[in-house]
Structures are given as C-alpha cells and as structure tokens.
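Biologist: I'd like to go through the salt bridges in this one. Can you put it up first?

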Amino acid sequence: MTKGDPLLILENLRAYYSSKKGLVRAVDDVSLEVREGECVGLLGESGSGKSSMALAIMGLFEKVARFSAGTSNDPSLRRAFEKGVPGAADLPGVRGKVFFRGKEISSLPQEELTAIRGRELSLIPQGLGHALNPQHSIGHQTAEPVEIHDENIRLIELKRKVLEYLGLVQLADANMRFVLDPGSFSGGESQRILIAMALIAGPYLVIADEPTSALDVTIQRQIMNVLKMIRDEFDVSLLLISHDAGVVAEMADRVAIMYAGKIVEYANAVDIFHNPQHPYTMGLMSSFPTIAMMQMRAGKKPKLRGIPGDPPDLTAIPKGCAFHPRCQYVIDRCKEEVPEYREVKQDHFIRCHRWSEIEKE
Ligand SMILES: Nc1ncnc2c1ncn2[C@@H]1O[C@H](COP(=O)(O)OP(=O)(O)O)[C@@H](O)[C@H]1O
Ligand SMILES: [Mg+2]
C-alpha cells in the first residue's frame, strides 16, 4: 500500500448501548475514511460518541456494552445482548461495516480480529487509570503485543525491543525501570508507556483516544511532542480523538467533527479551521480563541460566540438534525428530516440541509 490509499473505511457505522434511560445512540451512521500516512482528527464535545466509535472500530464495543447491559436491571436489554448482534434497527449493538486494509473486519470472528488488533491496528485508550495492569511490570506489558503475535521470539530480542520502544517515547531511565509495576510511574510516564505499547508491534493505524486529556498542561505538551514525532517519523496513520480543538489543530491533516453520534463535517484541517461550513463547526471554531483572533486580525468580526445550549442526551436525540435546537439557521425541514451526509466538494463532507444557503464569513 502507498501513501494516500484508503486504510480504514467506516460505512454507516452504528454503536448503541442499552441503559436504564433507554437506547444510547452513541455512534449513529458514521461513514469515514482514513488514508495511509495521514493523521485524522476526531473532534467533538465530551459525550458525543468518540470513544464509542474507537471501541466499535477495534471490535471491543460489544464487550464493553454487554458488560453494562449485563449489569442492567432491565431483563429485555440483557436478552437483546445475549441474542448477539441484533438485526433490528432499534436494539443495542454494532451495525454497519469497518474495512481495514481492504478487508471487512467488522464481521471477523474474535480470533481473527485478535490477530489484527494490537499488531496492525492499535488503540491508546482514554483515561490512564485502567489501561495498565497494576499487577505486571511495565516491561512485561509493553512486550505483550509482540509476544501475542510472535510466540517464538527470543527473550533477549523481546527485551531489546521493549527498551527500544520505551526509549523512543523517552521514558526516563527505561533500562532500569522496566521491571517496575505501573504504580511507580506518573500520569505522563504511563501515557508514554501506553504509546510504546501501541507502537511496538508495528501497526498501520494507531487510534489515540484523548491522549493528553488526563494530564497537566506541561505534560500535555510533552506528550504532544511524542505524538508529533510518531506522526512525522513512523510509517503509521493516526486517528487522533480529542475534545480539544487546539490538540487537533496542531496534529491533524483532516478533521471530522462529531456531534451527537454523527459526523457533521469532515474536511482537510485548513478548511475545518479557517472555512468551516457546518453551523456547528462554525460555532465551535468561533469559541476556539486562536481562530477568533485570526478572524479579527484579518479584519473580520467573529460571528458566533460559542454555541448557546447544550449537546443532547444521546438517549433522546432531537428529531431531524440533532443540532437544530441550537442552530441559528434552523428551518422547519431541519426539525423533521435527518440531513444526509454528502460530499459537497472533493473530500469535504457535510451533514446539513442548509449548507449551500448559509453565508459564511
Ligand atoms: N457502557 C456504557 N453504557 C451505556 N452508555 C454508555 C456507556 N459508555 C458510554 N455511554 C454513553 O454513550 C455516549 C457517548 O459516550 P462516549 O463514546 O464516551 O463519548 P465521548 O468519548 O465523545 O466523550 C454518552 O452518552 C455516554 O454516557
Ligand atoms: Mg471519550
């Protein structure tokens, strides 16, 4: 495969949880492509469905969702999950297709998926807390993705590899500390270890879910630098998930904007940040200080200041366009019909009935 070829393709991906309040439409009809060698940013407010999307891509959603359905008090929800992935539209589970390197991975049996996960496709999960096993040394855990796929690797080779990767992410004193368990490492160090684990088996795509969010500002900067080094020096594509427009702006070639489980706009980063087309993206960008400043410098007055109202509860998504109650361009049609996700010009996708009529700054 060469740079620019499609690497990951999502087709009408849906991932629904069951909850006491009802069905949570966390990922709702998402279609997206990530190409070889690019960094795609997935930007959305907290609760918009970003982590659920990462889990659905990795084939881990059902496991997480079944666990929460299993602890639910509602026996019909438990039954829905026990029956497996349901065909009906309004039941919990994952639907739609995930293609990775030309192969549909969403229908693979778990054993085959395990062979891909960690080696070809890896996830740096959100929240440092649960990601590392407190019982095992970090050297042991960093080695795992290699060991799983190459049982015959010699111990000395494995150790060399672990130290090489812990060194690449600049874990201080790695050659002395790799025998320690996770409790001996700070949050920033734990994130470095998780990044080393995600890279060690040489994946084609790394999904990084809020890699800097749990950290202090100065440590965030250091982790950003590690991620940038990876983007620039490794032959790997990145799907960078964040609620922070600044993080995405710094790293991404293309940016997908998520709102209430849907991608509302997907375009190259320059267009997203300088010429957003969807009313939600326009609102987001105007509350993002750098952009507002740039607009002012260019002699323009930033139009929207933040977005009034709150994102919806995903158990009760508004009818029609989910953004319509907060949109200043709303018309009756927006309250009834879900807008289609359309490519309005090459590589620029929008889900809005009114995009062509809205006057942009
Ligand atoms: N295990 C679960 N069971 C039920 N609902 C969940 C579960 N995990 C997340 N959710 C809900 O799914 C929605 C999307 O969550 P998430 O994917 O974590 O969003 P984000 O990563 O964008 O913050 C939220 O409404 C959240 O409350
Ligand atoms: Mg998340």
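Modeller: Here it is; bear in mind that this is a predicted model. The structure holds 23 salt bridges.

Biologist: Take Glu38 and Arg254. What joins their side chains?

Modeller: A salt bridge, with an N to O distance of 2.9 Å. Glu38 sits in the loop between β2 (22–35) and β3 (39–44), while Arg254 belongs to strand β9 (residues 254–259), so the bridge ties together parts 216 residues apart in sequence.

Biologist: Is Glu38 buried or exposed?

Modeller: Glu38 is buried, at 9% relative accessible area. Arg254 is buried as well, with a relative accessibility of 5%.

Biologist: Which residue does Arg326 pair with?

Modeller: Arg326 forms a salt bridge with Glu45, at 3.8 Å from N to O. That pair also links distant parts of the chain, 281 residues apart. Arg326 is in the loop between α13 (289–297) and α14 (332–336), and Glu45 is in the loop between β3 and α1 (50–58).

Biologist: And why does Arg326 count as buried?

Modeller: Because its relative accessibility is 11%, and buried means under 20%. Glu45 has 24% and counts as partly exposed.

Biologist: What about Glu336, which residue is its salt-bridge partner?

Modeller: Lys319, with the closest N and O atoms 2.8 Å apart. Glu336 lies in helix α14 and Lys319 in the loop between α13 and α14, so this bridge connects parts 17 residues apart in sequence.

Biologist: Is Glu336 buried or exposed?

Modeller: Exposed, at 52% relative accessibility. Lys319 is exposed too, at 53%.

Biologist: Which residues are linked in a network of salt bridges?

Modeller: Arg14, Asp28, Asp29, Lys262 and Arg351 form such a network.

Biologist: Changing topic. How many helices and strands does the protein have?

Modeller: There are 14 helices and 12 strands.

Biologist: What share of the residues is buried?

Modeller: Of the 361 residues in the protein, 50% are buried.

Biologist: And the contacts with a separation of 6 or more: what percentage comes from residues 24 or more positions apart?

Modeller: Such residues account for 64% of those contacts.

Definitions and conventions
Residues are numbered from 1 along each chain as its sequence is written. Chains are lettered from A and ligands numbered from 1 in the order in which they are written. This is a predicted model: local features need pLDDT of at least 70, side-chain atom pairs count only at pLDDT 80 or more; totals for chains, interfaces and linings use all residues. Side-chain values use heavy atoms; hydrogens and water are left out. A salt bridge is a side-chain nitrogen of Lys or Arg within 4 Å of a carboxyl oxygen of Asp or Glu. Helices (H or I, at least four residues) and strands (E, at least two) are DSSP runs, numbered from the N terminus. Buried means under 20% relative accessible area, exposed over 50%, partly exposed in between (1.4 Å probe, protein chains only). Contact means heavy atoms within 4.5 Å.
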